[in-house]
Amino acid sequence: VAHPPGYPLFTLLAKLATGLLPVGSPAYRVNLLCGLLGAAAASLLFYTVFRLSGSYAGGILAAGVFSFSRLTWQWSITAEVFSLNNLFVGLLMALTAHFEEASTAKERSKISKLGAFCCGLSLCNQHTIVLYIACIVPWVLSRLFRKTELSLGHLLKLGLCFLAGLLPYLYLPASSYLNRARWTWGDQTTFQGFLTHFLREEYGTFNLAKSETGSSMREMLVFQLAQMKSELSLPVLALALMACVSTALPTKQQKSPVIWVFAGMFSVYSLFFAWRANLDITKPLFLGVVERFWLQSNAAVAVLAGLGLAALPSVGSTVLEGSRALPWLEWLSALALVASQVWANYRACDQSNNYVVDKFARNLLSSMPTGAVILLRGDLPGNALRYVHYCEGMRPDITLVDQEMMTYEWYLPKLAKHLPGVYFPGNRWNPVEGVLPDGTLAFNLHRFLKVNKHKEVFACIGLHEGDSTWRRSYLLWPWGTCEKLVPSDVVFDPGEWIHLTRNLYNWTEDYGSFKPSSWEAVANEEMWQARMKTAFFIFDLAETASVTAEVKSQLYTFAYTSYKEIVNSHPNHPVNWHKNYAIACERMLRLHRVDVDPEVLLSETVKHFLLYTEKAEDDPQRQGILQAVKHLKKELQGLRKMKED
């Protein structure tokens with residue numbers, strides 16, 4: 001079972017694709033499925049515009065501009081639910097157009113029943129489509145009522161068709177009851193458990209995420225407008241507006257009620273989503289999460305733009321009466337706008353050589369000792385490692401345990417049997433161990449580590465802040481992007497640890513080569529920062545540990561040597577490396593070691609502090625660093641003068 005609300009239809013289609021498609025990895029097969037769903041969505045957008053306007057050019061514009069926008073293209077070639085949602089958006093709009101065009105009561109009855117079924121089925125995927133359903137259903141019912149075709153029996157049949165569309169949700173309790181999946185979410189064997197999952201209560205039913213702070217509604221709408229301009233272009237937005245304006249003109253081609261239904265769908269969705277999307281979109285990664293949900297509104301805009309283009313000949317004929325250039329202008333506009341989308345977005349959307357997250361996961365798993373237990377935290381390490389471990393069978397000796405999920409009451413009762421070799425001293429992870437008020441036996445991280453002391457345990461990435469009990473008997477030592485939990489009585493050997501962790505990963509991606517809002521950028525950043533973690537740990541030990549002056553000097557020297565090697569090996573690297581290396585040089589200078597030239601140390605300190613302040617303009621310590629650099633320069637000048645004398 002996928003995360004709330006469960007996505008049963010996509011899960012079943014993905015299973016079908018992995019079983020039937022004969023090429024590539026499981027991920028490749030599901031990516032291919034999403035590409036096919038995206039193509040079907042494009043066809044339905046074309047059909048909608050053509051059905052309402054009779055314009056091939058308008059249909060091609062709607063399908064092409066939407067499909068080849070960066071956002072649609074990007075999410076139509078990866079294993080996600082958005083491509084299927086686009087298909088349902090196109091399907092509901094196409095059925096709406098077909099209903100409007102229906103000439104007989106029998107045909108309208110048939111389409112309304114099919115539409116009711118598709119409304120239910122669409123809710124088996126992404127729940128945001130309910131906002132489109134909420135606009136279409138009242139309009140259809142009102143049309144049937146006005147034509148005296150809405151009897152109680154017909155209304156009952158529509159309700160049954162809608163419920164039939166929801167049948168894939170039976171997969172959730174069935175899967176949960178059988179409990180064969182090595183990774184699943186929630187316990188849907190009870191009605192309350194099913195309802196919790198279906199209503200997304202663990203995320204917040206009407207919120208995008210658990211967090212309560214996010215961008216304002218106004219800020220969200222401004223971002224959405226800017227995104228539409230970027231994704232679809234100004235001419236397309238102008239054409240969508242033209243479709244609405246054309247409803248005031250006495251033309252036969254346009255269907256005014258449907259245009260206003262589509263415009264209403266766009267408006268209701270945009271306003272509601274801006275109100276409830278509680279994420280801070282000034283942060284690139286969160287913007288990347290939010291912008292995917294604007295695909296649904298972009299589809300409506302694309303259809304309106306297609307209808308607007310189809311209306312142009314009617315509008316233009318009042319100015320250029322009898323001109324033969326108008327049909328050519330219509331086709332030229334459509335082809336030019338679609339071609340510009342392909343030209344602008346092909347390079348960004350070409351993912352044929354993108355193995356970044358795959359390499360991230362494989363590097364992490366390959367670096368682990370035999371039989372290790374990995375305490376996962378966060379979407380990137382959690383999903384990436386689970387995929388290569390469960391779906392591709394990499395490192396079956398390793399056990400993956402999700403930190404966040406261990407705090408949920410259903411996780412261990414459902415999945416502990418799939419984690420052999422790991423002992424859980426209770427049914428739920430909680431900082432306060434013992435029997436909880438509901439009778440659940442809870443354990444903390446310290447207890448978990450004690451009963452699994454026969455295992456090497458790693459945290460990826462970081463440990464849950466709510467439980468610090470591990471500090472009683474354990475320390476965290478750096479292990480690439482992860483940390484190893486080591487008993488506190490084990491003596492740390494900096495030289496040996498540097499040797500062990502120096503070449504953990506084979507990472508060749510250039511620094512800063514990915515869009516900040518992408519998961520590739522997050523993976524790349526983690527792997528680059530991993531190179532510096534051991535040096536940083538040793539330096540921090542020198543700063544904070546209660547050790548002799550001789551040991552402190554050794555630690556500073558190890559940290560400085562490691563920093564120097566890493567910084568000099570990678571000309572283009574994270575900006576914080578300059579600051580870390582500069583501080584390490586300054587500390588070495590204060591040690592007054594005879595084997596290191598103080599002039600070199602001072603020069604390196606000044607150089608890298610200045611490089612840091614140039615690139616990190618938003619650091620609140622920037623002015624303090626610049627003041628320190630002034631003093632260091634004076635020291636350097638005095639040292640050089642003393643050497644000359």
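I began with the crossing of H2 and H5, which is left-handed (left-handed if the near helix is turned anticlockwise from the far one by less than a right angle, right-handed if clockwise). The model is a predicted one, in which local features need pLDDT of at least 70 and side-chain atom pairs count only at pLDDT 80 or more, while totals for chains, interfaces and linings use all residues. I number residues from 1 along each chain as its sequence is written, and side-chain values use heavy atoms, with hydrogens and water left out.

I then looked up the geometry: the axes of H2 and helix H5 (residues 82–101) come within 8 Å and cross at roughly 20 degrees. This makes H2 roughly parallel to H5 (under 35 degrees is roughly parallel, over 145 roughly antiparallel, 65 to 115 roughly perpendicular, and the rest oblique). Axes here are lines fitted to C-alpha atoms, for helices over the stretch in contact, and angles run from 0 to 180 degrees between N-to-C directions. Helices (H or I, at least four residues) and strands (E, at least two) are DSSP runs, numbered from the N terminus.

For the contact (heavy atoms within 4.5 Å), I noted that residues including Leu37, Ala41 and Leu44 in H2 meet residues of H5, among them Leu87, Leu91 and Ala94. By class, I found 14 nonpolar, six polar and two charged residues in this contact. Ala, Val, Leu, Ile, Met, Phe, Trp, Tyr, Cys and Pro count as nonpolar, Asp, Glu, Lys and Arg as charged, and the others, Gly among them, as polar.

Next I turned to helix H2 (residues 26–53) and helix H3 (residues 56–67), which pack at an angle of about 150 degrees with their axes 8 Å apart. That makes H2 roughly antiparallel to H3, and the crossing of these two helices is right-handed. Among the residues making the contact are Phe46 and Phe50 of H2 and Ile60 and Phe66 of H3.

Finally I looked at the strands, where E2-E1-E6-E8-E7 is the order of an open sheet of five strands with mixed pairing (two strands pair if DSSP finds at least two bridges between them). The edge strands, each pairing on one side only, are strand E2 (399–402) and E7, and the twist averages 30 degrees from one strand to the next. Strand E7 (residues 474–479) and strand E8 (residues 482–487) pair in the antiparallel sense over six bridges. In E8, Cys482 is the bridge partner of Trp479, and Pro487 is that of Tyr474.
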